[in-house]
Amino acid sequence: MTDAIDGLKMRERNGAGDAAARPSAYAPQSAQPPQQPELHPSLEQPDALRALFPVLAQTINGAPLAYLDNAATTQVPLPVLDAIRAFEEHDRANIHRGVHTLSQRATDIFEAARSALKRFIHAGAQHELVFTSGTTESLNLVAHGLSDSADAPALLRPGDEIVVSIFEHHANLVPWQQAARRSGARLRLLLPDAQGRLRPNDLAGLLTPRTRVFALTACANATGYRPPYEALLSMAADAGALTVLDAAQTVAHGGFDLSALPCDFVAFSGHKMYGPMGIGVLAGRRDALQRLAPLRFGGDMVQWVTADTAVFAELPARLEGGTPNVGGAVGMAAAARFIEALGRDRLEAHEAGLRTRAVEGLSRIAGVRVIAADSAPTAIASFTVDGVHPHDLGTLLDEQGIAVRTGHHCAQPLLDHLGCGPTTRASFAMYNTADEVDRLLAGVARAVKILR
Ligand SMILES: *Cc1c(COP(=O)(O)O)cnc(C)c1O
């Protein structure tokens, strides 16, 4: 190899090759986070903020869209779409395997997205972050990984116990049912008191020396109830259990500090925090993640392979078999920066204000019962109307351009326990306004007159 060729390679590695001459949203070939134009989205300028979400500027059945289904999925702002597009246009390549420039650049960008999301949740030196397809895959990875054996025996054994709360989304319940079946462990349910609250004392009554896992949501998606998860996780951790937090309804609505929580695993989705669908995160303590048997075996998650055996790679690659959703990771990291630019405390206050307005207004409509009405702070208002089926109500609201979710919200055991059946759920995000809440209230009042 000549000096000239060596010199050229060095130049390209250092970012002095032709990529530097092309405009790009990124600092090419660097592990720095992608550079984005200065962003000043603000809750004080709702029209300018809403203009960053093209999907909101449409009419539905002749009325302006009031999108109040944010607990199911949030909309995506232009800076997130721009970041994804910049990656796909300039930097797309498969990661980790290539010596060529694009592959190295894509690898750097993917790892920069990982770092940005670690900062977003305040992961510490003892934490690692794994990309998944979403909260559901993250929670399956934990439940399966603790009940299956790969390069070490399964952690869960016959006679062990798993405790989950009844407030869980099916994604944090059904995987544990399966883990219990697979391992012979017993699944125990933490139930609320008569006021609908989870109590540390009730958890204390369930914890035993055989409790290996405690899984809990940081906010119930069906009702908006926010359990005292810090105290509950602490108690379970003190009892020696691994702790799992479902943060799908939390990370986009206020601050979140993993380093201050006694939490071994935390799961969340890109599409509920203004990012793309099909990307999510499982983060947590490195030594806890290390105990998980991988869910997906194949390329990228191995160190070396012979015809009949394999040694798995170190974390996080160990749990990221196959080609990851690199564009999704880029978008999710851009979404995290967007939320941070807005101010997470202010965002939480904005949404809690909308929720309070909705709860107060709904409570004044005869026959309406708001579930978990006094829960705060939260961005979800879930309610029933005497004599009116939620699907009929949802259909009438849609005729006025108002999008809400109706049904069991993937939390059937909870709604059965509360004895309220399916509900109507309005859920708020950064771009929602008091005017939209008032339209919801007028729409519900009108629908009640028509349907009863
Ligand atoms: C939406 C949701 C899930 C599932 O998330 P996916 O993105 O569909 O995988 C799990 N838990 C809670 C609390 C949720 O709101």
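Colleague: How do you know that the end-to-end distance of helix α10 agrees with its 17 residues?

Modeller: This is a predicted model, and the check is simple. At 1.5 Å a residue, the 17 residues of α10, 326–342, should span 24 Å. The end C-alpha atoms are 25 Å apart, which agrees.

Colleague: What makes α10 largely enclosed by the rest of the structure?

Modeller: Buried means under 20% relative accessible area. In α10, 15 of the 17 residues are buried, so the rest of the structure largely encloses this helix. Just after α10, G343 takes a positive phi of about 100°.

Colleague: Why is the pair F53 and F338 called edge-to-face?

Modeller: The structure holds seven aromatic pairs. Rings pair if their centres lie within 6.5 Å, and planes over 60 degrees apart count as edge-to-face. The centres of F53 and F338 are 6.0 Å apart and the planes stand at 85°, so the pair is edge-to-face.

Colleague: Which parts does that pair tie together?

Modeller: F53 lies in the loop between α2 and β1, and F338 in helix α10, so the pair ties together parts 285 residues apart in sequence. F53 and F338 are both buried. Together with Y274 and Y431, F53 and F338 form one aromatic cluster.

Colleague: Why is the pair F110 and F131 called tilted?

Modeller: Under 30 degrees counts as stacked, over 60 as edge-to-face, and the rest as tilted. The planes of F110 and F131 are at 40°, with ring centres 5.0 Å apart, so this pair is tilted. F110 belongs to helix α4 and F131 to strand β4, 21 residues apart. Both F110 and F131 are buried.

Colleague: What makes R344 a charge over the ring of F120?

Modeller: For Arg, CZ must be within 6 Å of the ring centre and within 35 degrees of the ring normal. The charged end of R344 sits over the F120 ring, 3.8 Å from its centre.

Colleague: What is the strand order in the open sheet of four strands?

Modeller: The order is β13-β14-β17-β16, with antiparallel pairing.

Colleague: Why is one side of β13 and of β16 left without a neighbour in the sheet?

Modeller: β13 and β16 stand at the edges and each has a single partner strand, so one side of each is left without a neighbour.

Colleague: How do you know that β14 and β17 pair?

Modeller: Pairing needs at least two bridges. Four bridges join β14 to β17, which run antiparallel. In one of them, I380 has S427 of β17 as its bridge partner. Helix α12 packs on the sheet, touching β14, β16 and β17.

Definitions and conventions. Residues are numbered from 1 along each chain as its sequence is written. This is a predicted model: local features need pLDDT of at least 70, side-chain atom pairs count only at pLDDT 80 or more; totals for chains, interfaces and linings use all residues. Side-chain values use heavy atoms; hydrogens and water are left out. Helices (H or I, at least four residues) and strands (E, at least two) are DSSP runs, numbered from the N terminus. The expected span of a helix is 1.5 Å times one less than its number of residues. Buried means under 20% relative accessible area, exposed over 50%, partly exposed in between (1.4 Å probe, protein chains only). Contact means heavy atoms within 4.5 Å. Axes are lines fitted to C-alpha atoms, for helices over the stretch in contact, and angles run from 0 to 180 degrees between N-to-C directions.
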